[in-house]
Amino acid sequence: MVPAIIISSVASFLIVLFFIGTYIVYRMAFYNNLKFDDSKWVPLKGRIHDKYKQVSLDMISYARKIPHNEDIYIKGKDGCKLHAALYLSETPSDIYAIECHGYKDPAVKDFSGGLPHALKCGQNVLLIDHRGHGESAGKTICFGIKEQYDVLEWVRYLNDRFNSPKILLYGISMGAATVLLCSAHNLPENVLGIIADCPYSSAKDITVITAGKMGVPPRLAAPALWLGARIYGRFDLNKGEVSDAVKNATKPILLIHGTEDDFVPFWMSEKIYESNKKMISFLPVDGAPHGLSWMVDNKKYLEALDTFFNNIGLNS
């Protein structure tokens, strides 16, 4: 018969191992304390990425040189200090685009195309740093689950500061999922539309898929990720179901996704589109990998933006 002290020791070891394991998962998936130097950003490798490497670097270099008018700091609902850079159009405008970057990416990098284009179109830009990124506080990335409420606070900020602004929500990758999660809320009437470039349909699913690419079986990855987020990040990964959030969206949505996306699968945007075809316009970009639709087919991308702006009354 096994002595009770041995059973107790083994149980204690397994409990300690469990908490160590979930903490490692949390650190790998959700923790971020990097302060970006986007001047040192290196594009991903691969046939298509290599083709657009220099274009990407040139766009980022150009965007970095655009001076912003003001650094703005607010607090999220939970007290987290949040930062955004405000860029004002050269011509006075009442249009404000809140631009939301992706996972562990510099904001200027992700909107190296969208920032100058918005300013050229006569839109002001609020380029935000998500919590755990850039100048914002926090060290936990919540895959849009807490970030959606931060975006709502930025909407509140614009409404409190400016007189009847016309607001556009625009996100890329995790930022795209974030603004789509916002669509489930009772957004103010002056939020006119949402643009989502290569979003995932589920925070839980994209983390499990990514873990699978690292060799972790889904049956192990799913509970470990959920527990790591819940215990150390204080958020529930199951609350990031983007395709469910858009079902009752009342704001027009422009959805964009590259068909060759090997990070966030193209089918995820197809699933989002199927959830609410009435409110969603969908632009598939043939041959584009993750986040490169702007460069792979810039003409089609800009035409889709222009049509969307016309439809929501921003070009009138």
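Isoleucine 98 stands opposite leucine 169 in β5. Strands here are DSSP runs of E with at least two residues, helices runs of H or I with at least four, numbered from the N terminus. This is a predicted model, with pLDDT of at least 70 needed for local features and 80 or more for side-chain atom pairs, while totals for chains, interfaces and linings use all residues. Residues are numbered from 1 along each chain as its sequence is written, and side-chain values use heavy atoms, leaving out hydrogens and water.

β5 also runs parallel to strand β6 (residues 191-197), again through six bridges, and there tyrosine 170 stands opposite isoleucine 195. To get from β5 to β6 the chain passes through helix α7 (residues 174-182), in a right-handed β-α-β crossover (clockwise from the first strand over the helix to the second, with the strands pointing away from the viewer). As for cover, six of the seven residues of β5 (166-172) are buried, meaning under 20% relative accessible area with a 1.4 Å probe, protein chains only.

The largest cavity has a volume of about 50 Å³; a cavity is a set of points on a 1 Å grid over the protein atoms alone where a 1.4 Å probe fits but cannot get out, and lining residues have an atom within 4 Å of a point. Its lining includes Leu168, Tyr170 and Trp294. Helix α5 (114-120) gives the largest share, three residues.

Notes:
Buried < 20%, exposed > 50% of the residue type's maximum accessible area, 1.4 Å probe, protein only. Pairing = 2+ DSSP bridges. 1 Å grid on protein atoms, 1.4 Å probe; cavity = no way out; pocket = protein on both sides within 12 Å on 5 of 7 lines; lining within 4 Å. Points joined across faces, edges and corners; volume = space filled by probe spheres on them.
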